[in-house]
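Hi,

Here is the structure I promised to pass on. Have a look at it first, and then read my notes below.

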Amino acid sequence: MKVAVIMGSSSDWPIMKEACDMLDYFSIQYEKKVVSAHRTPLEMVEFAKNATSQNIDIIIAGAGGAAHLPGMVASLTTAPVIGVPIETKSLKGMDSLLSIVQMPGGIPVATTAIGKAGAKNAGILAARMIGMTDETVKQQLVDYEQSLVVKVEEMQNDLL
């Protein structure tokens with residue numbers, strides 16, 4: 001399976017890198033690119049319409065402000081879309097979150113938290129989707145979850 005990590009601007013990369021880091025962690029193949037819903041709408045339409053024929057199974061789309069990218073892409077493909085709200089200066093990402101999460105019935109976008117945590121979770125969510133049919137990724141997810149338990153145990157030991 002292949003994932004596309006797209007963002008509305010290269011300024012979104014410091015956030016969206018978190019999704020790519022998780023995909024790297026799980027050894028999941030992906031491509032990353034800037035696809036702007038507002039500045040390059042025709043390219044966005046072409047990307048979304050051709051995603052599945054290009055062997056893209058899951059799309060992680062980060063966008064800030066009006067944040068139309070995830071929803072517009074979701075309206076043009078049958079691939080699952082995970083939206084990552086990018087934090088903005090004026091409204092701290094609430095505008096992005098609401099733009100992505102408030103999709104009309106029939107056009108689903110799985111939406112994560114605002115910013116780096118959301119991008120990281122988007123990568124993990126994509127891995128969980130892939131892990132439903134890929135036993136290697138599924139086992140890596142089990143191992144990853146166990147590493148979180150160990151980290152909490154270490155934190156507890158720090159209190160002693």
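Is Glu 31 buried, partly exposed or exposed? With a relative accessibility of 23%, Glu 31 counts as partly exposed (buried is under 20% relative accessible area, exposed is over 50%, and partly exposed is in between, using a 1.4 Å probe and protein chains only).

Before going on, some housekeeping. This is a predicted model, so local features need pLDDT of at least 70 and side-chain atom pairs count only at pLDDT 80 or more, while totals for chains, interfaces and linings use all residues. Residues are numbered from 1 along each chain as its sequence is written, and side-chain values use heavy atoms, with hydrogens and water left out.

Salt bridges

The count of salt bridges comes to 3 (a side-chain nitrogen of Lys or Arg within 4 Å of a carboxyl oxygen of Asp or Glu). In one of them, Glu 31 meets Lys 2, at 3.2 Å from N to O. That pair links distant parts of the chain, with Glu 31 in strand 2 and Lys 2 in strand 1, 29 residues apart. Helices (H or I, at least four residues) and strands (E, at least two) are DSSP runs, numbered from the N terminus. Lys 2 is buried, at 18% relative accessibility. Among the residues that Lys 2 touches, leaving out those up to four places away in sequence, are Tyr 30, Gln 54 and Ile 56 (contact means heavy atoms within 4.5 Å).

Lys 17 and Asp 21 make another salt bridge, at 3.0 Å from N to O. They sit 4 residues apart in helix 1, so about one helical turn separates them. Lys 17 is partly exposed at 36%, and Asp 21 is partly exposed too, at 32%.

Glu 145 pairs with Arg 128, their closest N and O atoms being 3.1 Å apart. Here too distant parts of the chain are linked: Glu 145 is in helix 6 (residues 135-158) and Arg 128 in helix 5 (residues 116-131), 17 residues apart. Glu 145 has a relative accessibility of 29% and is partly exposed; Arg 128 is partly exposed at 45%.

Helix 4

Helix 4 covers residues 94-101, and Asp 95, Ser 96 and Ile 100 are buried in it. Down the helix axis, the buried residues fall within an arc of 120°, so they line one face (the arc is that of the directions from the helix axis to the C-beta atoms). Their cover includes strand 3 (58-64), helix 3 (69-74), strand 4 (81-86) and strand 5 (110-111).

Leu 98 is also in helix 4, but is partly exposed, at 47%. Together with Leu 91, Met 94 and Val 101, Leu 98 forms a nonpolar surface patch with about 360 Å² of accessible area.

Loops

Ser 27 is in the loop between helix 1 and strand 2 (29-34) and is exposed at 61%. Lys 92 lies in the loop between strand 4 and helix 4 and is exposed at 53%.

Ser 9 is in the loop between strand 1 (2-7) and helix 1 (13-25), and is partly exposed at 21%. Not counting residues up to four places away in sequence, Ser 9 touches Val 34 and Arg 39.

Cheers

Definitions and conventions: Patch = residues over 30% accessible without salt bridge, like charges linked within 9 Å, V, L, I, M, F, W, Y side chains within 5 Å. Areas by Shrake-Rupley, 256 points an atom, 1.4 Å probe, with all protein chains shown as cover.
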